[in-house]
Amino acid sequence: MINIYSLKSTAIIIFSVLLIICIHTPSFSQKYEPNWESLDSRPLPQWFPDAKFGIFIHWGVYSVPAWRKLEEGRYASYAEWYEARVMDNKTNGGYDFHRKNYGEDFEYRNFAPLFKAELFNPDQWAELFKKSGAKYVVLTSKHHDGFCLWPTENKHKKNWNAGDIGPQRDLLGELTNSVRKAGLKMGLYYSIPDWESIPRKIEGPEYFIRKEFVDKYGLTPEQYRNEIAIPQLYELVNNYQPSLIFSDAGEWIYDDEFWKTKEFLAWLYNEAECKDEVVVNDRFCKGMPANHGDYFSSEYKDADDGKLKKYWEGSRGIGGSYGFNRAENLEDYSSSNELILELVDIVSRGGNLLLNVGPTADGRIPVIMQERLLDIGKWLSVNGEAIFGSSEHNQSHQEYLDHKIYFTSKGSNIYCVFDQWSREIIIDLKENQEIANVSLLGSGVNINWATIGKNQLKIEIPRLTISELPCIYAWTFKIETK
């Protein structure tokens with residue numbers, strides 16, 4: 001005989017489980033309208049805040065001259081700005097450099113045939129990025145100079161894309177396939193304006209590039225928007241289904257109505273094949289940074305993350321430039337220790353680090369950049385538990401003696417990252433927590449610890465030889481709470 005009460009109980013349990021799943025699972029089937037209230041209601045795909053570490057790649061025609069004089073100040077050494085801030089600049093040596101090495105009549109577009117990428121091995125790049133511990137990769141599909149790294153069908157980009165000239169390859173497509181084959185997410189950067197067609201700076205009438213090139217190659221802003229920018233965004237999404245779109249420079253000039261940003265994002269979130277996993281940043285148009293988009297994008301620590309309303313990502317180069325800059329020497333590159341601590345600092349404050357490499361024109365990632373990535377990967381192989389999938393703790397860091405101690409959390413565990421191997425550290429937990437155990441990630445050595453009063457934890461740092469250290473540069477205590 002069937003027990004009808006048992007059937008009812010089972011049905012209730014199943015219904016309850018399904019209800020819980022529905023409540024706690026972001027709904028991407030919602031229809032998003034082309035207005036900010038609707039677009040901003042979209043949940044951030046969880047893969048992005050879990051990833052914490054990605055690789056940025058600035059590569060293009062500017063990788064041929066690959067030079068800009070090193071100057072003081074943030075943004076002052078960006079070699080990818082060769083066309084706009086170097087070749088005709090009489091104050092920083094660029095004017096003389098360009099004419100001495102390439103000649104008076106050598107246009108920027110003449111670099112395209114020299115951008116050959118003959119040594120580009122996308123599988124090798126993807127394997128390096130995987131070994132670095134990164135979870136996603138973002139390639140500059142088109143920078144401000146307008147050169148495209150894919151064989152775009154856009155009529156205005158004929159002989160100004162990697163399929164027609166230079167490499168005569170689909171650089172974006174090849175790397176996308178290799179990165180995904182390696183198990184990583186693939187994203188793309190797209191400059192909303194081109195210098196040739198959106199020529200004027202916001203703060204004045206001067207041109208980014210020589211007016212003769214604006215007149216020779218440019219379109220009106222409206223033509224550019226309708227015939228290049230918007231069609232190419234749709235082309236890129238349909239052809240490559242990116243997991244991330246890093247827009248740039250749209251916030252310099254013109255608002256969301258001009259760039260038709262809301263209409264594009266509504267289509268992206270509703271209809272694109274990648275709609276459930278794609279994330280976008282906040283540089284499509286004026287008024288968007290820190291207010292709209294899936295996350296806020298900062299570069300070289302140019303934002304106060306304490307005022308942000310969005311999840312955020314900090315990007316930077318291993319040196320002072322995104323594009324490869326031959327003017328940089330060893331002392332101009334951050335050390336592996338500095339980059340690891342920057343990753344820890346950003347993650348402790350609730351963000352991601354997008355660390356840039358600048359390949360050479362022939363398609364090689366400079367060896368010093370490879371070394372830095374591999375060092376980060378070795379560190380993450382020991383300490384990744386404190387990074388990937390972690391959340392902000394109730395405090396990002398504490399000052400202890402002459403250095404900082406950083407914190408992240410995951411479930412009931414607190415992770416304490418420190419970079420000075422002294423006798424002990426004392427942590428102010430900020431709240432009364434019962435400690436169950438303390439361990440050192442990557443090591444089975446017993447850790448002595450004791451609570452002091454209600455809120456402090458004293459941890460003795462064990463005496464280990466160099467060969468016994470789980471890693472170099474920085475170490476992590478895992479604090480398990482009840």
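User: How much space lies in the second largest pocket?

Analyst: Rolling a probe the size of a water molecule over the atoms shows where empty space is left. On a 1 Å grid over the protein atoms alone, a pocket is an open set of points with protein on both sides within 12 Å along at least five of seven lines. Grid points are joined across faces, edges and corners, and a volume is the space filled by probe spheres set on the points. Here, the second largest pocket holds about 290 Å³. The model is predicted: local features need pLDDT of at least 70, side-chain atom pairs count only at pLDDT 80 or more, and totals for chains, interfaces and linings use all residues. Residues are numbered from 1 along each chain as its sequence is written, and side-chain values use heavy atoms, with hydrogens and water left out.

User: Which residues lie nearest the centre of the second largest pocket?

Analyst: A lining residue has an atom within 4 Å of a point. Of the 17 residues that line this pocket, G73, S77, Y300, G319 and G320 lie nearest its centre. By class, eight are charged, five nonpolar and four polar; Ala, Val, Leu, Ile, Met, Phe, Trp, Tyr, Cys and Pro count as nonpolar, Asp, Glu, Lys and Arg as charged, and the others, Gly among them, as polar.

User: How many cavities does a search of the whole structure find?

Analyst: A cavity is a set of points where a 1.4 Å probe fits but cannot get out. Three cavities of 30 Å³ or more are found. The largest contains about 90 Å³ and is lined by I192, A229, I230, L233, W259, K260, T261, F264 and F284. Two or more of these residues come from each of α9 (221–240) and α11 (261–271), where helices (H or I, at least four residues) are DSSP runs numbered from the N terminus. Helix α9 supplies the largest share, three residues. This lining has seven nonpolar residues, one polar and one charged.

User: At what angle do helix α6 and helix α7 pack?

Analyst: Axes are lines fitted to C-alpha atoms, for helices over the stretch in contact, and angles run from 0 to 180 degrees between N-to-C directions. Helix α6 (residues 122–131) and helix α7 (residues 171–181) pack at about 40°, with their axes 8 Å apart.

User: Which residues make the contact?

Analyst: Contact means heavy atoms within 4.5 Å. Helix α6 contributes P122, D123, W125 and A126, and α7 contributes E174, L175, S178, V179 and K181.
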